[in-house]
Amino acid sequence: MKLVLASDLHGSALYTGQLMKRIEAEAPDRVLLLGDLLYHGPRNDLPEGYAPKQVIPMLNGIKEKIVAVRGNCEAEVDQMVLEFPVMAEYTTLALENGKLLFATHGHHFDPEHLPPIPAGSAFAFGHVHVKHLEWKDGILILNPGSVSIPKDGTHSYMTYEGGCFVQKLLDGTPLASMEF
């Protein structure tokens, strides 16, 4: 199983377009979106290339691959225009190695307030716009960073394949990896 994990697109057609090119190149089985897809939110400046109406068809074009969770900027109107579910607070995926991946946006559960998941699981979140990849108390904590408004200066996403998570820049350059 191959996954692309991405978060915090915030309606940027520019950076979502770059992510779509990476999704095409990566050819994942699933794309896990960790929320804040269309709206920039009241605390964020408009991202470069802000055009939610252009992001909608990009995402709907790969709807059969997308598994998404609700970010703090998602609203019912977003579900009306997106052709895949976006309103779940979290989701879980069983990976081919038998381990559990718990995915959420990060505004309810976060590394300091983990859900009740078993040791050896992975916890994926977005929300903070900063990449994260480390083991904490037997749980692999991961954040792909932000596609459009990174607080650490690099637009990024993450992949999972063959028991390994890899942080990558939007041009596909690997940054860090962790076996799972």
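How many bridges join β4 to strand β5, and do these strands run parallel or antiparallel? The close-up views below, drawn from a predicted model, begin with this pair.

**View 1. The β4–β5 hairpin of the predicted model.** Five bridges connect β4 with β5 (residues 100–104), and the two strands run antiparallel. Together they form a hairpin with five residues between the strands. Within the turn, Gly-98 has a positive phi of about 85°. Two facing pairs can be located here: Tyr-90 stands opposite Thr-104 of β5, and Thr-91 has Ala-103 as its bridge partner in that strand.

**View 2. The five-stranded open sheet.** The strands are arranged in the order β4-β5-β6-β8-β7, with mixed pairing. At the edges lie β4 (90–94) and β7 (132–136), each of which pairs on one side only. From one strand to the next, the twist averages 20°. In general, the strands of a sheet pair through backbone hydrogen bonds, in either a parallel or an antiparallel manner.

**View 3. Strand β5 and its pairing with β6.** Three bridges link β5 to β6 (residues 122–124), and this pair runs parallel. Across the pair, Phe-102 stands opposite Phe-123 of β6. Four of the five residues of β5 are buried, so the strand is largely enclosed by the rest of the structure.

View 4. Asp-36 is located in the loop that runs between β2 (30–33) and α2 (52–60). Although buried, Asp-36 has no salt bridge. The nearest side chain of opposite charge belongs to Arg-43, at 7.0 Å, whereas a salt bridge requires a separation within 4 Å. The side chain of Asp-36 does make a polar contact of 3.1 Å with the side chain of His-105. Apart from neighbours within four places in sequence, the residues in contact with Asp-36 are Asp-8, Leu-9, His-10, Gly-71, Asn-72, Cys-73, Glu-74 and His-105.

**View 5. Thr-159 in strand β9.** Thr-159 belongs to β9, which comprises residues 156–161. With a relative accessible area of 4%, Thr-159 is classed as buried, because the cut-off for that class is under 20%. Thr-159 and Pro-28 are separated by 131 residues in sequence, yet their C-alpha atoms are 8.5 Å apart in space.

How values were computed. Residues are numbered from 1 along each chain as its sequence is written. This is a predicted model: local features need pLDDT of at least 70, side-chain atom pairs count only at pLDDT 80 or more; totals for chains, interfaces and linings use all residues. Side-chain values use heavy atoms; hydrogens and water are left out. Two strands pair if DSSP finds at least two bridges between them. Axes are lines fitted to C-alpha atoms, for helices over the stretch in contact, and angles run from 0 to 180 degrees between N-to-C directions. Buried means under 20% relative accessible area, exposed over 50%, partly exposed in between (1.4 Å probe, protein chains only). Lys and Arg count as positive and Asp and Glu as negative; His and the chain ends are not counted. A polar contact is a pair of N or O atoms within 3.5 Å; within protein, one must be able to donate a hydrogen and the other to accept it, and residues adjacent in sequence count only if both atoms are side-chain atoms. Contact means heavy atoms within 4.5 Å.
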